[in-house]
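My entries follow in the order I made them.

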Amino acid sequence: MIHNANTSTFIHSMTGTRGKRWLRRAKHLAWGSVLSLLVGAGTLVVSSSVLAQSFSGGERQMLDRIVAVVNDSAIMRSDLDRRLDQAINQISAQGEDAPGRDEIEEQVLDQMVLEEIQLQMARDANLSIDDTDLNRQVRNIAESNDMTLQAFADRLEAEGTSLAQVREEIRREMLTRQVQQRQVGQRVSVTNRDVERFLEERGGDVNQAETRARHILVGVGSGRSESQAQAFVEQAMARLEQGESFATVAREMSDDQGSAVNGGDLGWLRPGQTVPEFDEAMSELDVGEVSSPVRSQFGYHIIEVLDRRRSSVSNQDMREQVRQAIFQRRANQEVDTWKREIREQAFVEKRL
C-alpha cells in the first residue's frame with residue numbers, strides 16, 4: 001500500500017485520563033496543518049482496485065451514466081465507482097471488514113460533489129498548479145515510501161493505475177487547497193486586541209511551554225462507519241495494552257499517514273497551535289502516558305505525550321505565533337461554514 005507522507009497532520013482534542021471514552025467533540029485542527037498539507041488527505045492510498053473497471057471503450061460508453069449534475073458539470077458513474085473502490089480498498093488494506101458499496105455510496109458522492117464545486121471555483125478564478133510544484137509533490141510522495149520516482153511509477157503500474165492518474169488526483173487536490181486558502185482566508189481577521197487578550201489569559205509568559213506528542217488516528221467516513229471506527233480503535237488500544245510499541249501500531253493502523261510514517265510523531269507543539277481541548281488534555285497527561293480513545297470530527301484518536309520542555313522566545317516572536325494560532329483556529333471554524341454555503345448555492349441534482 002502506498003502512503004502519502006504529505007497527508008495533513010491531525011491535531012485534535014482528547015481526554016486526559018484513561019477510562020473517559022468517546023468524550024468531547026473537537027473543532028477543526030490548526031489551519032496550517034489542514035490547508036498546507038491537504039494533498040492526499042483521504043484518497044492517495046493506491047490499490048489495484050482503482051482500475052477495477054476493466055471494460056473496453058465500447059462497454060464503458062454503454063455502461064457509464066451521469067450520477068450527479070453539479071452546476072454545468074457532471075459526475076459519471078465510472079468516476080464514482082473508482083472512488084468507491086478506493087475507499088473500500090483502503091479499509092480492507094487496514095484489516096477491517098469492508099462495508100457494502102450501498103452503505104457508503106451517498107457519502108462518497110457528496111464528497112465528490114463538494115470537490116467539483118471547488119474545482120469549478122478554481123477554474124472561474126483562473127487558478128492553476130505549476131508543473132514544478134506538482135512534480136515536487138509527486139517526488140515527495142515517492143520518497144516518503146522510500147522509492148525513486150521510477151520505482152513509484154512501476155509500483156503504481158503493478159497495482160493497476162498509473163503515475164499520470166495519480167498526478168491528476170494530486171493536481172485536483174492542490175487546486176481545492178488554493179480555493180480554500182483564498183476564500184476562507186479573506187473571511188478571517190485577527191486584531192492586536194485579540195493577541196493581547198490571548199497573552200493576558202496566559203500571563204504573558206515568554207518562556208513558552210512545548211510538548212512533544214504522537215497519536216493514532218482512526219478516521220470515520222469515506223466508507224468507515226462509526227461502529228467500525230470504534231471497533232478498529234479498540235483493536236489499536238488492545239495492541240498497546242498488550243505491550244506493542246506505539247510507533248508500530250501507529251505505522252500500521254493510523255489514518256494520518258503524514259505522522260504514521262514517523263510512528264505517529266507530531267513533533268513539538270506550542271500552546272495555541274492546537275484546539276483548546278488539545279492544549280487542556282496535554283496539560284493533564286504525564287510524560288509517557290497514553291490517552292484513551294477520543295472522538296473528534298476526524299474520528300478517534302489515541303495520544304501519547306513523549307516529552308516536555310520550555311523554550312525562550314522574544315515577545316515579538318510570541319505575538320506573531322499567537323496571531324497565527326488565533327487565525328488558524330478561526331479559519332478552521334470558518335471553513336466548514338464556507339463549505340456548507342457553497343454547497344447550498346450550487347445547483348446539484350443527484351441521479352443515483
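I call a residue buried under 20% relative accessible area, exposed over 50% and partly exposed in between, with a 1.4 Å probe and protein chains only. The model is predicted, so I note that local features need pLDDT of at least 70 and side-chain atom pairs count only at pLDDT 80 or more, while totals for chains, interfaces and linings use all residues. Residues are numbered from 1 along each chain as its sequence is written, and side-chain values use heavy atoms, with hydrogens and water left out.

**Entry 1: overview.** I took helices (H or I, at least four residues) and strands (E, at least two) as DSSP runs, numbered from the N terminus. The protein has 13 helices and 7 strands. Of its 352 residues, 50% count as buried. I took contact to mean heavy atoms within 4.5 Å. Among contacts between residues at least 6 apart in sequence, 80% join residues at least 24 apart.

**Entry 2: helix α6.** Which residues of α6 (residues 149-158) are buried? I found Phe-152, Ala-153 and Leu-156. They cover an arc of only 100° around the axis, and therefore sit on the same side of α6. The arc is that of the directions from the helix axis to the C-beta atoms. Gln-150, Glu-157 and Ala-158, on the other side of α6, are exposed. Gly-160 follows α6 and has a positive phi, near 95°.

**Entry 3: the sheet.** I counted two strands as paired if DSSP finds at least two bridges between them. Three strands form an open sheet in the order β2-β1-β7, with antiparallel pairing. β2 and β7 are at the edges with a single partner strand each, so one side of each has no neighbour in the sheet. From one strand to the next the twist averages 20°.

Strand β1 (residues 66-70) is mostly covered, with 4 of its 5 residues buried. β1 pairs with β2 (residues 73-76) over 4 bridges, and Ile-66 stands opposite Met-76 in β2. The two strands make a hairpin with 2 residues between them, and Asn-71 in the turn has a positive phi of about 55°. β1 is joined to β7 (residues 348-350) by 3 bridges. On that side I found Val-69 bridged to Glu-349 and Val-70 opposite Val-348.

I then looked at what covers the sheet. Helix α4 (residues 101-124) lies across β1, β2 and β7, at about 40° to β1. For this and later angles, axes are lines fitted to C-alpha atoms, for helices over the stretch in contact, and angles run from 0 to 180 degrees between N-to-C directions.

**Entry 4: packing on helix α13.** How do α8 (residues 192-201) and α13 (residues 315-345) cross? Their axes come within 9 Å and cross at roughly 105°. α8 and α13 are therefore roughly perpendicular, a label for 65 to 115 degrees; under 35 is roughly parallel, over 145 roughly antiparallel and the rest oblique. Among the contact residues are Phe-198 and Leu-199 of α8 and Val-322 and Ile-326 of α13. By class, this contact has 6 nonpolar, 1 polar and 6 charged residues. Ala, Val, Leu, Ile, Met, Phe, Trp, Tyr, Cys and Pro count as nonpolar, Asp, Glu, Lys and Arg as charged, and the others, Gly among them, as polar.

Helix α7 (residues 163-185) packs on α13 at about 105°, with the axes 10 Å apart. α7 is therefore roughly perpendicular to α13. Val-179, Gln-180, Gln-183, Val-184 and Gly-185 of α7 meet α13 residues including Phe-327, Ala-331 and Trp-338. I listed 6 nonpolar, 3 polar and 2 charged residues in the contact of α7 with α13.
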